[in-house]
Amino acid sequence: MFIVGPCSAETETQLLATARAVAALMPDSFEQVIFRAGVWKPRTSPDSFQGAGMVALKWLNRVQTECGLPVAVEVATPEHVSAALAAGVDYLWIGARTGANPIAVQAVAEAVIQSPVQPRGLMIKNPVNADAMLWKGNIERLERTSVPVIAVHRGCNHRPCWQMAYELRSARPDIPLLIDPCHMSGDKNLVEGLCRMAQTLGYDGTMIEVHCAPQTALSDARQQLTPDEWGALVRKYPFRPVCDDHTLAWLRAMMDETDDNLWQVIEERMKISRRIGEWKQLHDVPVLQRERFNEIVERRQEWALSHAISPDTVDAI
Ligand code: PEP
Ligand code: MN
């Protein structure tokens with residue numbers, strides 16, 4: 001399943017130029033590509049571009065009729081749901097920020113149930129905080145509609161959080177799982193690597209941000225591909241998996257990410273350590289204070305005993 005399109009619908013010209021390029025580049029072997037565009041954007045700052053709003057739904061109608069592509073928009077409120085469905089939008093998705101609020105997700109689900117027109121699918125991104133069980137609960141809320149539900153893994157704070165996705169995959173192997181490598185990394189150069197990884201892990205598709213002129217994009221400029229870059233990427237599918245066993249691949253992904261986190265924590269610790277060193281120099285205090293040293297080691301050894309880690313490992317670290 002390939003979902004592709006700009007972060008935001010900015011102008012009719014930008015939207016149609018992107019959609020036409022995508023339709024022209026879509027490989028013959030693809031049955032369908034769904035065209036995405038954010039119309040109502042949940043931005044961090046009120047000074048950022050908030051999306052073109054209602055008017056963009058008409059532009060999306062042109063994408064449907066002129067390019068033959070089904071369209072998807074992000075919804076955060078019942079008003080968004082009724083406006084989008086009344087305009088004939090095919091798929092709706094709930095973004096990471098809305099997914100952090102179960103009351104909002106419930107309201108979206110109820111608006112879908114009450115709508116006279118039903119979407120073809122409901123996509124739910126992982127919440128902005130790495131909470132697999134909240135993501136699963138949101139899926140269950142959306143399953144009270146009769147619309148197929150699709151999970152989209154977009155990570156947290158520009159990290160994949162593979163563990164969160166693995167927990168969801170293990171709990172709900174029946175729900176299609178897509179990767180959103182653009183929001184996951186915030187960097188277009190990392191998109192292909194994440195797509196390869198997702199294929200090794202057995203994901204069911206991708207949601208990729210594509211803009212006709214990414215450098216001028218009003219949101220997420222650094223992570224959007226040009227249509228040509230997207231066309232080149234999808235022509236490389238299917239990637240040869242790095243590892244034939246999904247479970248081992250997931251465990252390795254989680255291990256590598258844990259190591260990345262570990263190195264970052266060590267770096268943070270070194271920075272604090274350096275500041276302590278500077279303080280000691282300034283106040284003429286010896287570098288090593290035996291009492292403090294012993295206290296730290298003992299505290300960690302006690303912790304190790306209750307966490308099935310050998311005291312020797314603690315000593316070495
Ligand atoms: C988006 O898809 O453009 C978006 C806002 O994503 P997320 O909710 O993952 O931040
Ligand atoms: Mn975006």
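**Reading the two ligand sites**

Guide: Gladly! Keep in mind that this is a predicted model. Let's begin with a contact: an oxygen atom of ligand 1 is 3.1 Å from an N or O atom in the side chain of E209.

Visitor: How much of ligand 1 does the protein cover?

Guide: On its own, ligand 1 has 300 Å² of accessible area, and the protein covers 96% of that. Ligand 1 sits in the second largest pocket. Residues around ligand 1 include R36, W93, K125 and R154.

Visitor: Which classes of residue make up the shell around ligand 1?

Guide: The shell has 7 charged, 3 nonpolar and 2 polar residues.

Visitor: How do you know which atoms are protein donors of the manganese ion, ligand 2?

Guide: For this metal, donors are N, O and S atoms within 2.8 Å. C7 (SG), H183 (NE2), E209 (OE) and D220 (OD) lie 2.1 to 2.3 Å from the manganese ion, so they qualify. Along the chain, the donors follow the spacing C-x175-H-x25-E-x10-D.

Visitor: Why can H183 and D220 be said to tie parts of the chain together?

Guide: H183 lies in helix α8 and D220 in the loop between β8 and α10, so the pair links parts that are 37 residues apart in sequence.

Visitor: What kind of peptide bond joins Y237 and P238?

Guide: A cis peptide bond, with omega about -10°. P238 is in the loop between α10 and α11.

Note on methods
Residues are numbered from 1 along each chain as its sequence is written. Chains are lettered from A and ligands numbered from 1 in the order in which they are written. This is a predicted model: local features need pLDDT of at least 70, side-chain atom pairs count only at pLDDT 80 or more; totals for chains, interfaces and linings use all residues. Side-chain values use heavy atoms; hydrogens and water are left out. A residue is near a molecule or strand if one of its heavy atoms lies within 4 Å of it. A polar contact is a pair of N or O atoms within 3.5 Å; within protein, one must be able to donate a hydrogen and the other to accept it, and residues adjacent in sequence count only if both atoms are side-chain atoms. Accessible areas come from the Shrake-Rupley method with a 1.4 Å probe; for residues, only the protein chains shown count as cover. On a 1 Å grid over the protein atoms alone, a cavity is a set of points where a 1.4 Å probe fits but cannot get out, and a pocket is an open set with protein on both sides within 12 Å along at least five of seven lines; lining residues have an atom within 4 Å of a point. A molecule sits in a cavity or pocket if more than half of its atoms lie within 2 Å of its grid points. Ala, Val, Leu, Ile, Met, Phe, Trp, Tyr, Cys and Pro count as nonpolar, Asp, Glu, Lys and Arg as charged, and the others, Gly among them, as polar. Donors are N, O and S atoms within 2.8 Å of the metal (3.2 Å for Na, K and Ca); water is not among the atoms, so sites may look incomplete. Helices (H or I, at least four residues) and strands (E, at least two) are DSSP runs, numbered from the N terminus.
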